[in-house]
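This report describes selected parts of one protein model. Please keep the sequence and the 3D view at hand while reading.

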Amino acid sequence: MEQSLLKFGKTISWLLLLLSFPAGIKAQSLLNKTINISVNRQSVPDVLELISNQANFYFSYNSNIIKKDSLVSIPEGNRTVRSVLEQLFPSGFEFKESGNYLIIRRAPLKLTLVTEQSESNDNYYQVSGYVRDDQTGEKITDASVYEKQRLASAITNGNGYFKLKLKSRYKTAALSVSKEFYEDTTVNIQSGYNQEITITLSPATINSATIIVGPGTRIAPDSIYISIPQPDSTDLIYLYKKMDSIRVQRTAMGKFLLSSRLKLQSVNLGKFFTVRPVQFSLTPGLSTNGKLNSQVVNNFSFNVFGGYSGGINGFELAGLFNLDKKSVQYFQIGGLFNMVGGKMTGIQIGGLNNTVLDSVKGFQLGGLYNHVSGNTRGVQLAGLVNFTRRKTRGWQFAGIGNISAEKINGVQMAGIFNYTKKLNGLQFGLINIADSSDGYSIGLINIIFKGYHKLALYSNEVTAFNAAFKTGNHKLYSILLAGASSGQQKSFAFGYGLGNSTSFNNTFGMNAELSSQYLYLGSWEHINLLNRASLNLEIKFGKYLAIYAGPAFNGFYSNQLEGTTGYQFPIPPTRYKTINLGEQWTGWFGWNAGIHIF
């Protein structure tokens with residue numbers, strides 16, 4: 001019994017030891033690691049590199065907060081990383097661990113100071129001041145300062161200075177400050193008093209990434225650059241991220257029509273949107289919603305020349321153009337064009353063009369062109385071209401061409417061409433192109449890359465030598481054909497047809513085809529049209545070769561009464577029994593026989 005208890009006690013001891021071993025390792029923080037270091041008059045960045053190499057972790061910091069020209073000396077000895085850092089950075093700094101990275105930053109200043117205040121003598125009061133980085137103390141340029149309820153706004157200048165005019169009749173007021181790469185900040189102010197304040201902003205943290213912004217940094221308004229620690233590299237990795245809220249201003253038309261001030265507001269205020277019932281605009285920068293109209297979703301929007309709104313939940317009308325950052329639903333009319341950064345639901349009419357940078361559900365009418373970057377569900381009608389970057393469920397009608405880049409479940413009809421990657425439905429145009437098809441393509445040229453492709457060489461009772469190119473899918477393929485007979489009974493034929501292919505197994509199949517050909521019999525002054533319906537049995541010899549033969553019924557229209565020397569006449573040859581199908585129409589049974597290649 002005693003030995004059993006002793007054995008049990010040893011087992012428990014081992015288990016406790018094993019459980020505590022990894023916990024002990026995990027508990028050791030980067031700051032508590034012990035290093036042996038000796039430094040004589042070296043720069044701070046060089047010392048940090050020595051610590052990083054010896055302690056096997058990485059530093060992340062804004063180089064602007066470190067004095068690069070300062071030289072430090074540390075006598076040889078064993079020290080914790082924390083003690084060395086506290087010697088290098090005596091005060092005003094903090095150290096934060098993130099994985100295998102140690103982030104060095106200034107301790108937040110968190111400053112909102114009212115440095116001057118006086119009572120206003122009229123119906124308005126003025127708020128001015130500066131916006132600073134709470135890490136570096138640097139003044140922040142191009143920051144948006146705004147009052148959310150009144151839609152009053154200003155942008156800090158090159159010295160981080162702003163000035164804002166507010167109405168005294170409102171008892172409360174709060175200023176919000178937004179800037180790319182910084183956390184939004186809101187401060188309450190005393191209504192009715194002229195005042196000057198200083199507001200500090202903290203650099204933003206996104207997914208444990210450290211955002212580094214230095215003096216003079218100029219960053220494109222359609223991008224975010226983020227420094228993210230990477231375990232396999234000591235370098236800062238910069239990522240490019242497109243912001244959904246500035247899709248419109250990233251377009252060529254947005255860059256042309258929108259001022260730099262409006263673009264800056266959009267970048268800074270990507271998270272702030274509000275709702276108003278009605279707005280009137282003369283131009284994108286002159287609106288009853290003020291300079292923050294691009295952050296307002298309106299129920300009714302009326303733009304004399306053009307407007308730039310946050311979105312529409314009702315009706316929008318413009319003499320020339322409408323620009324909307326987010327979604328639009330119900331009804332939108334633009335004299336020249338409409339551009340929507342989000343989804344379009346309802347009816348959209350543009351004199352020249354409609355562009356939706358997300359998806360459409362409804363009806364688009366564009367005088368020249370409709371463009372949808374996402375999916376379309378409904379109807380697109382354009383004078384020239386419809387384009388959907390992803391999938392279409394519905395109808396596309398265009399004078400020249402339709403493109404549904406990924407897939408269409410529905411109908412494409414165009415004067416010249418239709419294209420989709422996958423067709424489930426109908427294409428009708430001069431040229432139809434698809435990568436694969438479970439539908440039908442009707443046109444002069446139908447190209448299905450993963451479909452039915454055959455070159456036929458064959459003979460029949462009218463023309464001895466014939467060639468036909470067949471493209472489409474097994475349900476329906478188009479046929480371009482030409483033929484000729486030589487000698488003293490010459491004839492030439494060219495035409496178009498449609499066919500269907502049915503496979504019984506890997507060896508046998510059947511083709512049903514309809515075609516119409518013009519026969520040249522020595523003179524272009526006469527009309528000779530040969531229309532054939534044929535049914536051929538096909539025998540396959542592998543994937544790329546087959547032979548076929550079968551009967552055909554012919555309906556021949558001709559207004560030629562006499563033959564031309566050296567050319568066939570009459571049609572058909574006299575040995576075939578004909579059927580009178582009406583004035584200038586003759587019918588008879590004939591044959592086809594040939595080979596399929598490919």
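In this predicted model, the largest nonpolar core has 24 residues. Those with the most contacts inside this core are L48, I51, L85, L88 and F89. Two or more residues each are given to the core by β1 (34-43), α2 (44-55), β3 (71-80), α3 (81-88) and β5 (101-106). Helix α2 supplies the largest share, five residues. As background, nonpolar side chains tend to be buried together in soluble globular proteins.

I51 shows what such a position looks like in detail. Leaving out residues up to four places away in sequence, I51 touches I35, I37, N56, F57, F59, V81, V84 and L88. Another core, of 20 residues, lies apart from the largest one and includes V127, A152, L164 and L201.

How do α2 and α3 lie relative to each other, and what is the angle at which their axes cross? The axes come within 12 Å and cross at roughly 175 degrees. Because angles over 145 degrees count as roughly antiparallel, α2 is roughly antiparallel to α3. On the α2 side, the contact is made by V47, L48, I51 and A55; on the α3 side, by V81, V84, L85 and L88. By class, this contact has eight nonpolar residues, no polar residues and no charged residues.

The next topic is a sheet. Four strands form an open sheet in the order β9-β8-β11-β12, with antiparallel pairing. The edge strands are β9 and β12, and each of them pairs on one side only. From one strand to the next, the twist averages 20 degrees. Strands of a sheet pair through backbone hydrogen bonds, either parallel or antiparallel.

| Strand | Residues |
|---|---|
| β8 | 144-147 |
| β9 | 152-155 |
| β11 | 172-178 |
| β12 | 185-190 |

Strands β11 and β12 pair over six bridges in the antiparallel sense.

The last item is G290, which is found in the loop between β19 (286-287) and β20 (296-303). Is G290 buried, exposed or partly exposed? Its relative accessibility is 24%, so G290 counts as partly exposed. The C-alpha atoms of G290 and A152 are separated by 6.8 Å, although the two residues are 138 residues apart along the chain.

Conventions. Residues numbered from 1 in each chain as written. Predicted model: local features only at pLDDT ≥ 70, side-chain atom pairs only at ≥ 80, totals over all residues. Heavy atoms only, no water. Pairing = 2+ DSSP bridges. Axes fitted to C-alpha atoms, helices over the stretch in contact; angles between N-to-C directions. Contact = heavy atoms within 4.5 Å. Core = buried A, V, L, I, M, F, W, Y, C linked by side-chain atoms within 4.5 Å. Buried < 20%, exposed > 50% of the residue type's maximum accessible area, 1.4 Å probe, protein only. Parallel < 35°, antiparallel > 145°, perpendicular 65-115°, else oblique. Nonpolar A, V, L, I, M, F, W, Y, C, P; charged D, E, K, R; others polar.
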